[in-house]
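Subject: Structure handover

Hello,

Here is the structure for you to look through. My notes on it follow below.

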Amino acid sequence: MSDLLEVRGLTKTYRRSRETIAALRGVDLTLAPGETLALVGNSGSGKTTLGRAIARLIEPDGGAIRFEGRDLLAMRGRELRAMRARLQIVFQEPLEAFNPRATVFRVIADPLRVHRLAGRAEMPEAVSRLLVRVGLEPALAARAVHEISGGQRQRVAIARAIATRPSLIVLDEPLSALDVSVRGRILALLDDLQAETGVAYLLITHDLGVANAVAGRITVIDGGSIVEEGPTKVVLADPQSAAARRLVAAVPRLHRRTEPARIGG
Amino acid sequence: MSGPLLLSVRGLGVRYRAEGQSVEALTGIDLDLHARERIAIIGESGSGKSTFGLALAGLLPRGSEVSGSIAWPGLGAAPKPGKDIGIVFQDPGSSLNPVLTVGEQVAEVCRTHLGMGWRRSYARAVELLDRVRLPSPEGIVRAYPHQLSGGQRQRVAIAMAIAGRPRLLIADEATSAIDTVVQAEIVGLIRELCSADALALLFITHDIALASGLVDRIAVFRAARMVEIGPAEEVVSAPSSPYTAALIDAHLGLDAA
């Protein structure tokens, strides 16, 4: 199958007074339609810069990105706006960017209006359908964003992202701000939506436990370079790079009562 | 492991007043903590876990209604917050003063609580920054908080928390805002400092797996109540409360998914 997303030799340098910081040093990455790839790295590894470059929120200095077979970085104007419907991004606290008094209705209706997916008359129906699809009551539409729980907010953000029927959603630490017992339900929702629509996910996280729960494949970024890539099971069982070994070792383990049989000696 | 009784909490209740309403944040909490003992308070948002830490540290917001008792048999007197109890919060970015150097802030604790002069306090600050494993402490002592990474700022906050030679260290979601690799380092540092200084630890977290590798006992809070308490391995291996079992199930580890 041809790739949905293909990143080649992507570079990005930030300049801060006299320093220059290479955030991306020639990154390659591919994603197939309907796949979930986890992009895993520490703070400062470049993972957020890469996610934002793919979502065209920042301009890289060099390299190429192809999305749905077209040159993403060359897109301008109407073509770029149309692409934004197909490639969405969900942040850790995605609704922080909104006026807290904005209603849930407005948050979900905005992209439908901008991309002309629903007219004024069909809007209430379209918003209700999206709310139901992410497991929320249609009545929530009237509430302000700041009045609802963190888990509900993340569902609203997902509803907003799927409203435009994207083929790829970049999920930037989508679980970090959520309570433990809510995380599993959001993961299940993401799973259901993928099964239903065939959307691909690029999941950005520092936590291999989260990556393990969702992704078939893991790519590890460190110091702006991809240092390891492979099927999730393989990377977790036998990490090759120092960065991947550190990430594996850092995942908290449940210290249960030691069983009588011990492995090794 | 643990020593004589340090702290005894009986029937602790806390209510906050907000917009004319009184909200129950904690109710009926009983807990004994011994010297050198490490205990985790596990809970989600609204469980009351942070309120519990603030109540012990004497940092509850004005106007909170407190019932029950908190006694400190191990201290013989009411504790001085910042001296007898060190506390580390989730976001050192907001607990550190942005216009003072790291050294000045750590030294200030030594001056206030240990009665040292300024020069000795400053020298002590350098030692403390070294103890929390900050690289080149002689240089970092002159740095401002914004020049440090999140993990480094958290180390500074830990240096300040232990500067007054406390008996109890309270860490309230101290590693929640940093990535897993730095989290593991900070947890290792807390473990090491508690052993070396014979500190008791109250480790407040949403992450039961993280706590299970660090503490002697685990207490689980939910909706203002303690729903379970026991030795860490017991609670994790055979939880008595269905809520604890659900938290354990929700852990995203490296087992085959």
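Two strands count as paired if DSSP finds at least two bridges between them. Helices (H or I, at least four residues) and strands (E, at least two) are DSSP runs, numbered from the N terminus. This is a predicted model: local features need pLDDT of at least 70, side-chain atom pairs count only at pLDDT 80 or more, and totals for chains, interfaces and linings use all residues. Residues are numbered from 1 along each chain as its sequence is written, chains are lettered from A and ligands numbered from 1 in the order in which they are written, and side-chain values use heavy atoms, without hydrogens and water.

**Chain B: the six-stranded sheet**

In chain B, six strands make an open sheet, ordered β5-β6-β7-β3-β8-β9, with mixed pairing. β5 (85-88) and β9 (225-231) of chain B are at the edges with a single partner strand each, so one side of each has no neighbour in the sheet. On average, neighbouring strands here are turned by 15 degrees against each other, direction ignored. Axes are lines fitted to C-alpha atoms, for helices over the stretch in contact; angles run from 0 to 180 degrees between N-to-C directions.

Strands β3 (38-42) and β7 (200-205) of chain B run parallel and are joined by five bridges. One pairing to look up is I39(B), whose bridge partner in β7(B) is L202(B). Helix α7 (180-196) of chain B packs on this sheet and touches β3, β6 and β7 of chain B. Its direction makes about 160 degrees with that of β7(B). Contact means heavy atoms within 4.5 Å.

Helix α1 (49-57) of chain B lies across β3, β5, β6, β7 and β8 of chain B, at about 150 degrees to β7(B). Eight of the nine residues of α1(B) are buried (under 20% relative accessible area; exposed is over 50%, partly exposed in between; 1.4 Å probe, protein chains only). Among them are F52(B), L54(B) and L56(B). Just after α1(B), G58(B) has a positive phi of about 70 degrees.

**Chain A: sheet and domains**

Chain A has an open sheet of four strands, β2-β1-β4-β5, paired antiparallel. β2 (19-31) and β5 (70-71) of chain A are its edge strands. Two bridges join β4 (62-67) of chain A to β5(A). R66(A) is opposite D71(A) in β5(A).

Chain A is divided into domain 1 (1-86 + 167-265) and domain 2 (98-165); the bounds come from an automatic or database domain assignment. Their centres, taken over C-alpha atoms, are 26 Å apart. Contacts link 16 residues of domain 1 of chain A with 12 of domain 2 of chain A. The two domains bury about 1100 Å² between them. Buried area is the accessible area (1.4 Å probe) that two parts lose on being put together, summed over both.

**Cores**

The largest nonpolar core has 58 residues, and L208(A) and I218(A) have the most contacts inside it. Such a core is a set of buried Ala, Val, Leu, Ile, Met, Phe, Trp, Tyr and Cys residues joined through side-chain atoms within 4.5 Å. A second, separate core of 57 residues includes V102(B) and L201(B).

**Between the chains**

The contact takes 29 residues from chain A and 29 residues from chain B. The chains bury about 2600 Å² between them, 59% of it on carbon and sulfur atoms. In chain A, V180(A), L254(A) and R257(A) lose the most area to chain B, together 26% of what that side buries.

Best wishes
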